[in-house]
Amino acid sequence: MGDMSEARRARYAVAAVFAVHGAVTGSFATRVPWVQDHASLGAGRLGFALAFTALGASCAMPLAGRISHRFGSRDALRGLIALWTLSLVLPALAPNLPTLCLAMFTYGACAGMADVAMNALGVEVERRLGRSVMSGLHGMWSTGALVGSAAGTLAAHLGADARTHFLLASAVLTAFGLLACTWVLDIQPTEDEEPPPRFALPPRSALLIGMVGFCAVFAEGASLDWSAVFLRDRLDSSAGLAAASTTGFMLTMAVARIAGDAVVNRFGAVRTVRAGGVLAVAGGLLVVAAGQPAVAMGGFALMGLGIAVVVPLCFAAAGHAGPNPSQAIAGVATITYTSGLIAPSLIGGVAQATSLVVSFGVVTALACGLTACAGVLRSAERGVDREVSPQAAAVPGPRP
């Protein structure tokens, strides 16, 4: 019982870490216009600088496993989450394009390493509890992002300097993050365990799982960045109604992720993702065919409902697929980060060449891949269904 109590406590602790991670992202997103004005950048140069976020994450994520092996999972997460929350200050200090690119690279690197470390611990908690928890953990990330964005919106409304805003937010989130890390699992490597490589190509299993995540994150990135534009330009909606579409999509994602574990535990990862793919395709078709704002908003909400649990299940499947969860999770995360990077720009390029309707036709076509390729997530089901005895749960480090 003691070991299960520890696992349950660790679940709530790592959920709090997920919320802190999301709050940093939400805080930054609301102040991008301030950062743009402070660095005196046009839209194209700003987009170039923001691309360094994904570049930094992709370069640094493979290091997370090495750091966890060197310091143990708890101390590693404590250090990485602190680096992530403190890095929030950097973009607001950049006065020009080169310094902003460097700041965003560092910001992305810290984000990626903390992301891998906390997802690896989430997978271990899931393994010890013997049931799905990853969807709920990512739901806490979405909740944190919403809270951070709400606070950022208020700061922007009050005309607060982003340097002051980010400094205060960073201090508060660092304190919360360090406190939450007190109760996460402390997994130490065994004496004969080889350290993971500093840099390594993702295993083949991670590539296949990552492609499912690619489809979901592509739809997520396209919807977040272009849903408001679609309603405004295609359907002549007001600015308020267009913004409400994006907010509704985010809320749908958060609620679906928080409730998603119950669905996964009942039906399994594969059937859940297949059904989600059907919902996402239906939502995409509604968007493409929409002649009224309400129809398009319903389509975006349905798409959010369909893709919400896919990325958490991809991380879970990667973590359960082999002996080195951090390496596999880093591989999946790299692919999904890449998808999130290219989706908005590709949607814009297709829209410029054709129309936004055609762009979301591409999104809908990719959503079909969720149903077609869901079978590669069977490792997540095996990990959740595996019976975990108290003796096994007490053994530190990865288990076969």
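The model is predicted, with local features requiring pLDDT of at least 70 and side-chain atom pairs counting only at pLDDT 80 or more, while totals for chains, interfaces and linings use all residues. Residues are numbered from 1 along each chain as its sequence is written, and side-chain values use heavy atoms, with hydrogens and water left out.

**Whole chain.** Begin with a cartoon of the chain, where there are 18 helices and 0 strands (DSSP runs numbered from the N terminus, H or I of at least four residues for helices and E of at least two for strands). The radius of gyration is 20 Å, close to the 21 Å that the globule rule gives for 400 residues, so the chain is as compact as a globular protein of that length; the radius is taken over C-alpha atoms, and the rule is 2.2 Å times the number of residues to the power 0.38. Along the principal axes, the C-alpha trace spans about 60 × 45 × 35 Å. Of the 400 residues, 52% are buried, where buried means under 20% relative accessible area, exposed over 50% and partly exposed in between, with a 1.4 Å probe and protein chains only.

**Helix 3.** Next select residues 43–60, the 18 residues of helix 3, which reaches 27 Å from its first C-alpha to its last, close to the 26 Å expected at 1.5 Å a residue (1.5 Å times one less than the number of residues). Show side chains for Leu 46, Ala 49, Thr 53, Ala 54, Gly 56, Ala 57 and Ala 60, which are buried. They cover an arc of only 155° around the axis, which puts them on the same side of helix 3; the arc is that of the directions from the helix axis to the C-beta atoms. Among the elements covering these buried residues are helix 7 (97–129) and helix 15 (325–353).

Cys 368 is in no disulfide either, the nearest cysteine sulfur, that of Cys 215, being 9.3 Å away.

**Val 363.** Finish in helix 16 (residues 356–373), where Val 363 is found and is buried, with a relative accessible area of 1%. Leaving aside residues up to four places away in sequence, Val 363 touches Phe 218, Ala 219, Ala 222, Met 303 and Ile 347, contact meaning heavy atoms within 4.5 Å. Val 363 and Ile 347 lie 16 residues apart in sequence and 8.5 Å apart in space, C-alpha to C-alpha.

Definitions and conventions: A disulfide is a pair of cysteine sulfur atoms within 2.5 Å.
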